[in-house]
Amino acid sequence: MKQQANLIRAGQVIEHDGRRWTVLKQQIITPGKGGAFIQVEMRDLKTGNKTNERWRTADSVERLMTEDKEYLYSYTDGESLVLMDPETFEQTMIPVALLGDQAPFLQDNMTINIHLVEGDPVGIDLPPQVTLEVVEADPVVKGQTASSSYKPAKLSNGVKTMVPPFIEAGERIVVRTEDGSYVERAKD
């Protein structure tokens with residue numbers, strides 16, 4: 001279906017130059033002189049190549065409709081994720097590359113949402129937050145708590161993030177899967 005370029009959002013799948021692209025980032029730019037345009041960073045679904053494209057905000061682009069389906073993550077086999085359909089118990093393999101920077105946040109038996117275009121996987125949504133253990137945390141520096149400061153910490157999945165000074169190694173915390181940022185202490 002056609003849509004105006006200024007309505008493009010991250011996660012959408014569009015068709016451009018006869019190929020399918022998934023939108024990674026978009027930014028509307030309004031220069032001091034002339035009309036506004038949208039800068040879109042997108043990845044080719046077949047080759048995985050990234051490109052940037054610019055459209056005037058009034059231009060139209062072809063948006064492909066996606067179907068969403070939930071799967072359970074089983075395990076990773078090389079460059080593929082092995083997923084199980086919770087209704088039919090059939091296994092499906094999709095490339096790890098679809099996850100991008102969110103791959104370390106994948107956990108066993110996690111329910112994930114797969115976006116499909118004509119049966120082909122084009123995107124993955126993880127739950128917005130996961131609970132992980134802090135394996136390394138710098139000690140608190142005296143006087144550091146006077147202002148709202150954060151210290152570096154390493155999580156059980158290998159990701160480094162910034163946590164409040166009261167978080168110690170061994171504690172479980174909730175982090176955002178989108179960017180790995182600290183949310184709160186785990187309540188379990």
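**Exercise 1. Contacts of a strand residue**

Leaving aside its neighbours within four places in sequence, which residues is Gln26 in contact with?

Solution. Before starting, note that this is a predicted model: local features need pLDDT of at least 70, side-chain atom pairs count only at pLDDT 80 or more, and totals for chains, interfaces and linings use all residues. Residues are numbered from 1 along each chain as its sequence is written, and side-chain values use heavy atoms, with hydrogens and water left out.

Step 1. Gln26 is found in strand β3. Helices (H or I, at least four residues) and strands (E, at least two) are DSSP runs, numbered from the N terminus.

Step 2. Apply the contact rule, which asks for heavy atoms within 4.5 Å. With neighbours within four places in sequence left aside, Gln26 is in contact with Ile8, Arg9, Ala10, Ile38, Gln39 and Val40.

Step 3. Check the accessibility. Gln26 has a relative accessible area of 29%, so it is partly exposed. On this scale, buried means under 20% relative accessible area, exposed over 50%, and partly exposed in between (1.4 Å probe, protein chains only).

Step 4. Compare sequence and space. Gln26 and Asn6 are 20 residues apart along the chain, and their C-alpha atoms are separated by 9.1 Å.

**Exercise 2. Salt bridges**

How many salt bridges does the structure hold?

Solution. Step 1. The structure holds seven of them.

Step 1. Take Glu62. Its side chain meets that of Lys2 in a salt bridge at 3.9 Å, N to O. The pair links distant parts of the chain, with Glu62 in strand β6 (residues 60–64) and Lys2 in strand β1 (residues 2–4), 60 residues apart. Glu62 is partly exposed at 25% relative accessible area, whereas Lys2 is exposed at 60%.

Step 2. Take Asp44. The salt bridge between the side chains of Asp44 and Arg19 spans 2.8 Å, N to O. Asp44 lies in strand β4 (residues 37–44) and Arg19 in strand β3 (residues 19–29), so the pair ties together parts that are 25 residues apart in sequence. Asp44 is buried, with a relative accessible area of 3%; Arg19 is partly exposed, with 40%.

Step 3. Take Asp85. Its side chain forms a salt bridge with that of Lys69 at 3.0 Å, N to O. Asp85 lies in the loop between β8 (80–84) and β9 (91–95), and Lys69 in strand β7 (residues 67–77), so this pair ties together parts 16 residues apart in sequence. Asp85 is buried at 7% relative accessible area, while Lys69, at 23%, counts as partly exposed.

**Exercise 3. Two sheets**

In what order do the strands of the sheet that contains β7 stand, and in what order those of the sheet that contains β12?

Solution. Step 1. Two strands pair if DSSP finds at least two bridges between them.

Step 1. β7 and β8 run antiparallel and are joined by five bridges; Tyr75 stands opposite Val82 in β8.

Step 2. In the other open sheet, five strands follow the order β14-β13-β12-β15-β16, and the pairing is antiparallel. The edge strands here are β14 (160–163) and β16 (182–185), each pairing on one side only. Strand β12 (residues 129–137) is joined by five bridges to the antiparallel strand β15 (residues 172–176). Thr131 has Val174 as its bridge partner in β15.

**Exercise 4. A loop residue**

Is Ala169 buried or partly exposed, and which residues does it contact?

Solution. Step 1. Ala169 sits in the loop between β14 and β15. Its relative accessible area is 46%, so Ala169 is partly exposed.

Step 1. Leaving aside neighbours within four places in sequence, Ala169 is in contact with Val134, Val135, Glu136 and Ala137. Ala169 and Val135 are 34 residues apart in sequence, yet 5.1 Å apart in space, C-alpha to C-alpha.

**Exercise 5. Domains**

Which residues does the domain assignment give to each domain?

Solution. Step 1. The assignment gives domain 1 (2–63), domain 2 (67–125) and domain 3 (129–185). Such bounds come from an automatic or database domain assignment.

Step 1. The C-alpha centres of domain 1 and domain 3 lie 35 Å apart.

Note on methods:
Salt bridge = Lys/Arg side-chain N within 4 Å of Asp/Glu carboxyl O.
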